[in-house]
Amino acid sequence: MWLALVFVLTLDLVSILKSIENPATRDMGQRDLVALARSGDARAQWQAVVLSRGGRLAMLPVKQAEAWFRKAVEAELPEACLVAARIEIEANREAEAKLRCAVKGNLLEAEYLLGRLILSRTAAEDEADRFEGLAWVALAAKAGYMPAQRRWEILVPELTAEDLERVEQKAKKLRL
């Protein structure tokens with residue numbers, strides 16, 4: 001019986017999240033989400049964490065939310081990795097691994113932050129890293145992420161036509 005419930009709930013995570021948005025079905029949706037998350041569904045756990053952190057899932061104990069957050073990062077859910085990376089950046093700790101996890105989800109903020117991180121630590125003689133950093137910023141800028149667009153506008157005048165070509169080639173490789 002429990003396994004059947006888990007299967008039905010797994011197929012219906014989107015419906016559960018929609019029911020949480022509806023005031024008439026919010027309580028039931030929250031209970032269903034927590035039940036699915038407790039069954040071990042990593043996506044449901046992450047959604048429960050997001051709602052809990054936003055004050056929209058008060059029934060979830062803080063310790064449980066933190067444990068599920070850690071599991072989501074360990075499971076390399078890109079959205080969780082981005083949140084974890086922001087925490088690391090704010091604490092002035094190394095965030096590259098978490099940003100690399102987050103860019104797997106094509107998250108523009110993660111691409112921009114990874115590019116900035118690489119550029120900030122790259123020495124002038126380290127061309128490969130420099131072009132990777134530039135490519136991440138360029139990808140986020142091209143996709144419309146405003147902070148990346150502003151940074152790219154600052155970087156472009158300093159680049160030669162050959163540099164721009166190398167950035168474009170690197171960006172294509174990153175998207176493969």
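## Loop residues with positive phi

In this predicted model, Glu76 lies in the loop that joins α5 (62-74) to α6. The phi angle of Glu76 is near 60°, a positive value in a residue other than glycine. Most residues other than glycine have a negative phi. Glu76 has a relative accessibility of 44% and therefore counts as partly exposed.

Asn106 is placed in the loop between α7 and α8. Its phi is near 55°, again a positive value in a residue other than glycine. With a relative accessible area of 48%, Asn106 is partly exposed.

## The disulfide

The count of disulfides comes to one. This bond is formed by Cys81 and Cys101, whose sulfur atoms are 1.9 Å apart. The pair links distant parts of the chain, with Cys81 in helix α6 and Cys101 in helix α7, 20 residues apart.

The torsion about the S-S bond of Cys81 and Cys101 is about 65°, so the disulfide is right-handed. Cys81 is buried at 2% relative accessibility, and Cys101 is buried with a relative accessible area of 6%.

## Packing of α8 against α9

The axes of α8 and α9 come within 7 Å and cross at roughly 155°. Angles over 145 degrees count as roughly antiparallel, and α8 and α9 are therefore roughly antiparallel to each other. The crossing of α8 past α9 is left-handed.

Residues of α8 that make the contact include Leu108, Tyr112, Leu114, Gly115, Ile118 and Leu119. On the α9 side, the contributing residues include Gly133, Leu134, Trp136, Val137, Leu139 and Ala140.

## Nonpolar cores

The largest nonpolar core has 28 residues, of which Leu99, Ala110, Leu134, Trp152 and Val167 touch the most other members. The elements that give two or more residues to this core are α6 (78-90), α7 (96-103), α8 (108-121), α9 (127-142), α10 (146-155) and α11 (161-175). The largest share, nine residues, comes from α9.

Apart from its neighbours within four places in sequence, Leu134 is in contact with Leu119, Trp152, Leu155, Leu159 and Val167. A second, separate core of 23 residues includes Ile20, Val34, Ala48 and Ala65.

How values were computed:
Residues numbered from 1 in each chain as written. Predicted model: local features only at pLDDT ≥ 70, side-chain atom pairs only at ≥ 80, totals over all residues. Heavy atoms only, no water. Core = buried A, V, L, I, M, F, W, Y, C linked by side-chain atoms within 4.5 Å. Buried < 20%, exposed > 50% of the residue type's maximum accessible area, 1.4 Å probe, protein only. Helix = DSSP H or I, 4+ residues; strand = E, 2+ residues; numbered from the N terminus. Contact = heavy atoms within 4.5 Å. Disulfide = S-S within 2.5 Å. Axes fitted to C-alpha atoms, helices over the stretch in contact; angles between N-to-C directions. Parallel < 35°, antiparallel > 145°, perpendicular 65-115°, else oblique. Left-handed = near helix turned anticlockwise from the far one by under 90°.
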